[in-house]
Amino acid sequence: MNLNKLIRPNILALKPYSSARDEFSGEASVYLDANENPMNAPFNRYPDPMQWELKKKIAKVKKVQPEQIMLGNGSDEPIDLVVRIFCEPKVDNIVAIDPSYGMYQVCADVNNVEYRKVLLNEDYTLNAERLLAAVDVNTKIIFLCSPNNPTGNLLNRTEMLKIVNSFEGIVVIDEAYVDFSSEKSWIEELDNYPNIIVLQTFSKAWGLASVRCGMAFASSEIISYFNKVKYPYNINILTQNFVSEHLDNEAHKNEWVKMLLEQRSLLSAQLQALSFVEKIFPTDSNFLLVKVSDANAVYKYLVDKGIIVRNRNTVSLCLGCLRITVGTKDENEVLMGALKGFYLKS
């Protein structure tokens, strides 16, 4: 892959902003280079713009090199950056599965880049040939979310490989929910497929959604362009330190995942027993896509009870569907109590 042919010419020529911390590495006894207030240590100092200490910890957990990691403000920042790096506005285009995570199109629209949706099969499986048929010479990026949101299912790996092997641009594989599936991560394929970018996050399995820290994994060359374009201090020191502390307790995260998978099975069985539930789709994530007889009515009823789920009734291929996140045992019992009340009411 010739990366220079994919990257926008102005990004190739861009001279990135050089912060004071970029020009010095290591520790010093006196810092007089960044116009910082000398009081209120350690918060008076700008954070490491490359987050090296945190990346080293993540690298050990994910079994990659620190140079293969970009950290962003959630996954949304690297999604936006990949569009800005590779897509020339009004010229290039993006191809993505539909339905899928809505931020892909938002970032395309913000950057004035054409966004082409390709419907999944009726059972939410991926048809590689149909997706590749939407590609032309100006297609720079393909977005694949697996496990997918809002459908919950893993995309077939063989079909994904057809795309990765055939497409001459960048394939972004969003694995926000990978911890809840049994499938191995595409991170393991970084050295075999230099055109893939894998997204993961601390928001789901790690329980750190409010902390806002997402991860992009790719070749060190691609990551160098992320670092060239991103804002200098995009991850503050509080986030870096907080995430680092949680990485020391991966076992705790694994316990949460185990509990949520158990609750997912229990909740699915309980929902299936309700007469107005028509179908529960297979899931590899921490949520269920549930087809009901009247999605708008059930959604409104739950809102009135102070229970918030996601109404996906107007999303492609999701007519009549609600997306329900798996909660704690107590939260799921409250949900089921309310739904049984809806059944009696109706």
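Author: Contact here means heavy atoms within 4.5 Å, and the helices are DSSP runs (H or I, at least four residues), as strands are runs of E with at least two, all numbered from the N terminus. The model is a predicted one, in which local features need pLDDT of at least 70 and side-chain atom pairs count only at pLDDT 80 or more, while totals for chains, interfaces and linings use all residues. Residues are numbered from 1 along each chain as its sequence is written, and side-chain values use heavy atoms, with hydrogens and water left out.

With that in hand, Asp76, Ile79, Asp80 and Val83 of α4 meet Met103, Tyr104, Cys107 and Ala108 of α5. Sorted by class, the residues of this contact are six nonpolar, no polar and two charged, where Ala, Val, Leu, Ile, Met, Phe, Trp, Tyr, Cys and Pro count as nonpolar, Asp, Glu, Lys and Arg as charged, and the others, Gly among them, as polar.

Two packed helices are described by the angle between their axes and the distance between the axes. The axes are lines fitted to C-alpha atoms, for helices over the stretch in contact, and the angles run from 0 to 180 degrees between N-to-C directions. For α4 (residues 76–86) and α5 (residues 103–110), the axes come within 9 Å and cross at roughly 45°. The two helices are therefore oblique to each other, since angles under 35 degrees count as roughly parallel, over 145 as roughly antiparallel, 65 to 115 as roughly perpendicular and the rest as oblique.

A second pair is α10 (residues 250–272) and α12, which pack at an angle of about 5° with their axes 11 Å apart, and are therefore roughly parallel to each other. Gln263, Leu267, Gln270 and Leu271 of α10 make this contact with Lys329, Asn332, Leu335, Met336 and Leu339 of α12, and by class the contact has five nonpolar, three polar and one charged residues.

Helix α12 (329–345) also takes part elsewhere, being among the elements that cover the buried residues of α11, together with β9 (287–292), β10 (310–311) and β11 (321–325). In α11 (residues 295–304), Ala295, Val298, Tyr301 and Leu302 are buried, buried meaning under 20% relative accessible area, exposed over 50%, and partly exposed in between (1.4 Å probe, protein chains only). The face of α11 turned away from its buried side carries the exposed residues Lys300 and Asp304. After α11 comes Gly306, whose phi is positive, near 80°.
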